Amino acid sequence: MNAIEIHGLVKTYRNGTKALKGVDLTIGEGDFFALLGANGAGKTTLIGILTGLVNKTAGTVKVFGCDIDKDFAGAKRMLGVVPQEFNFNMFENVQDIIVNQAGYFGVPSKTAIRDAEGILKMVGLWKKRCAMARTLSGGMKRRLMIARALIHHPKALILDEPTAGVDVELRLGMWDYLRQINSHGTTILLTTHYLEEVEQMCRNAAIIKDGQIVRNDAVPNLLPLEKLFLEIIKT
Amino acid sequence: MLYTDTVALKTIVRKEVTRILRIWTQTLLPPLITQTLYFLIFGKFIGAQIASIQGVTYMSFIVPGLVMMAVIGSSYGNVVSSFFGAKFQRSIEEILVSPAPNWVILAGYVMGGVVRGAVVGALVFGISCFFTHPVIHNIWAVLFFMTVTAMLFSLGAFINGIFARNFDEVVFFQNFILTPLMYLGGVFYSIHSLPLFWQKASLFNPLVYMINGFRYGFYGFSDVHLAVCVAILVVLTVALTALSLWLLKKGIGIKN
């Protein structure tokens with residue numbers, strides 16, 4: 001089964017901007033998939049539609065066979081999202097953020113508190129569980145967002161530039177987390193500007209330009225990625 | 001209702017109640033101080049020189065209105081600040097990416113507003129007992145008008161929070177519309193004491209119906225017919241619920 005199936009996806013914003021112009025994209029279950037593109041290419045809009053933060057104009061989207069037009073709740077249940085910017089309540093503590101997120105997904109607090117321990121230990125935030133989110137360092141906040149996205153055990157994890165502005169050591173650490181998560185069967189869709197990240201971790205990648213997928217292939221077939229990427233965005 | 005929806009609803013309400021208690025100096029204390037000053041200044045100092053209204057001392061007369069003022073201000077303030085705060089910090093996205101249906105999101109925030117309104121209302125009523133001996137004529141009317149009014153203003157605040165683009169727009173409705181309507185809604189006077197034109201004009205103020213319905217629960221009299229008060233409250237609540245759900249469905253103000 002495919003994790004994500006997108007056909008003819010169009011998004012036109014109210015100001016007339018056409019962010020997506022008929023995107024077709026399929027991501028297999030268990031894949032580690034990269035979506036590449038310059039700023040404004042449509043990556044975040046696509047992710048927004050998948051996760052319910054942006055309303056699509058046309059097209060169909062299925063998550064593990066679940067059509068978002070028919071059962072968006074079912075589709076959302078299978079997704080975890082790590083957005084580009086910090087979007088948690090800075091005045092809540094780490095554990096509350098995680099447990100509340102689980103609650104929104106219908107996970108009872110007792111189960112969530114139990115599961116939070118394992119996830120927070122995995123991302124190295126267990127000792128910080130009682131700390132206010134605003135007191136965390138930038139890297140810790142990034143890890144908190146990953147932990148939050150994993151608390152309801154999603155089948156697919158969507159990460160929108162998770163390593164932007166993160167130092168090298170932390171980035172390498174995050175690669176390890178992501179590989180570990182993927183090795184347990186979780187499908188990963190990643191957007192990034194770091195081509196090295198794609199080469200190191202992803203099996204398949206697509207390049208989006210001006211709201212359209214212009215290349216979609218296995219990563220080895222796209223190498224050297226930097227040369228290809230520059231060729232595409234310059235044409 | 002799915003079990004997962006129940007858990008989501010409980011989570012939003014728990015988060016709201018935790019917030020109310022965590023910042024109690026902002027959420028619970030200020031209305032108590034303000035209303036105590038009203039009891040002192042209007043009830044005790046000025047009220048002592050005012051004749052009774054329909055057989056009730058002025059101090060007792062203003063109790064329902066002052067309790068209702070606190071309920072309205074607290075329920076409204078809770079939802080507008082919490083919802084807009086979540087929008088501003090983008091933590092509302094935590095709920096939007098979850099499978100929680102729109103009615104759960106709305107009900108969670110409204111219940112938070114009702115809880116704060118009810119707690120503050122009960123505390124203000126408790127304070128009033130130090131100044132007078134308010135009687136309760138019909139407890140069901142008191143509970144009905146307090147709860148539905150808190151719901152109504154929580155819904156209004158939710159809509160305000162959806163449309164607000166900055167903090168100025170958050171406080172605009174509260175400062176320039178809600179506060180004048182509260183003062184002109186019959187908290188401190190019976191609308192029958194107004195000239196005929198202003199009596200008629202007051203009937204366009206929805207707060208007149210809430211305050212009078214609530215006052216009926218205490219003393220058994222009201223400036224307007226009780227059935228009209230109930231009908232107006234129910235119609236407004238249904239209308240604002242429908243509008244809020246429509247706005248959530250369309251994603252206006254919260255989705256790109």
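This report walks through the spaces, the chain-to-chain contact and a few local details of a two-chain model.

Keep in mind that this is a predicted model, where local features need pLDDT of at least 70, side-chain atom pairs count only at pLDDT 80 or more, and totals for chains, interfaces and linings use all residues. Residues are numbered from 1 along each chain as its sequence is written, chains are lettered from A in the order in which they are written, and side-chain values use heavy atoms, with hydrogens and water left out.

**Where the chains meet**

Let's start with the contact between chain B and chain A. On the B side 25 residues take part, and they touch 31 residues of chain A; contact here means heavy atoms within 4.5 Å. The size of an interface is often given as the accessible area lost when the parts come together. Here that buried area (accessible area, 1.4 Å probe, that two parts lose on being put together, summed over both) is about 2600 Å², and carbon and sulfur atoms give 50% of it. In chain B, the residues that lose the most area to chain A are B:E94, B:V97 and B:P99, together 26% of what that side buries.

There are 13 residue pairs in polar contact between the two chains, both residues at pLDDT 80 or more. A polar contact is a pair of N or O atoms within 3.5 Å; within protein, one must be able to donate a hydrogen and the other to accept it, and residues adjacent in sequence count only if both atoms are side-chain atoms. On the B side, α1, α5 and α11 (226-250) each give two or more residues, with α1(B) giving the largest share, nine residues. (Helices, H or I with at least four residues, and strands, E with at least two, are DSSP runs numbered from the N terminus.)

**Salt bridges**

A salt bridge is a side-chain nitrogen of Lys or Arg within 4 Å of a carboxyl oxygen of Asp or Glu.

| Pair | N to O distance |
|---|---|
| B:E94 and A:R148 | 2.8 Å |
| A:K56 and A:D69 | 2.9 Å |

The A:K56 and A:D69 pair links distant parts of the chain, 13 residues apart.

On a 1 Å grid over the protein atoms alone, a cavity is a set of points where a 1.4 Å probe fits but cannot get out, while a pocket is an open set with protein on both sides within 12 Å along at least five of seven lines; lining residues have an atom within 4 Å of a point. Grid points are joined across faces, edges and corners, and a volume is the space filled by probe spheres set on the points.

The largest pocket holds about 800 Å³. Its lining has 35 residues, with B:R19, B:Q26, B:G77, B:S81 and B:R116 nearest the centre, and α4(B) gives the most, ten residues.

The largest cavity has a volume of about 100 Å³. Among its 14 lining residues, A:V81, A:P83, A:Q101, A:R148 and B:V97 lie nearest its centre. The biggest contributor is β6(A), with three residues.

**Two backbone details in chain A**

The peptide bond from A:L223 to A:P224 is cis, with omega near -5 degrees, and A:P224 sits in the loop between α8 (219-222) and α9 (225-234). A:F64 is not a glycine, yet has a positive phi of about 50 degrees; look for A:F64 in the loop between β4 and β5.
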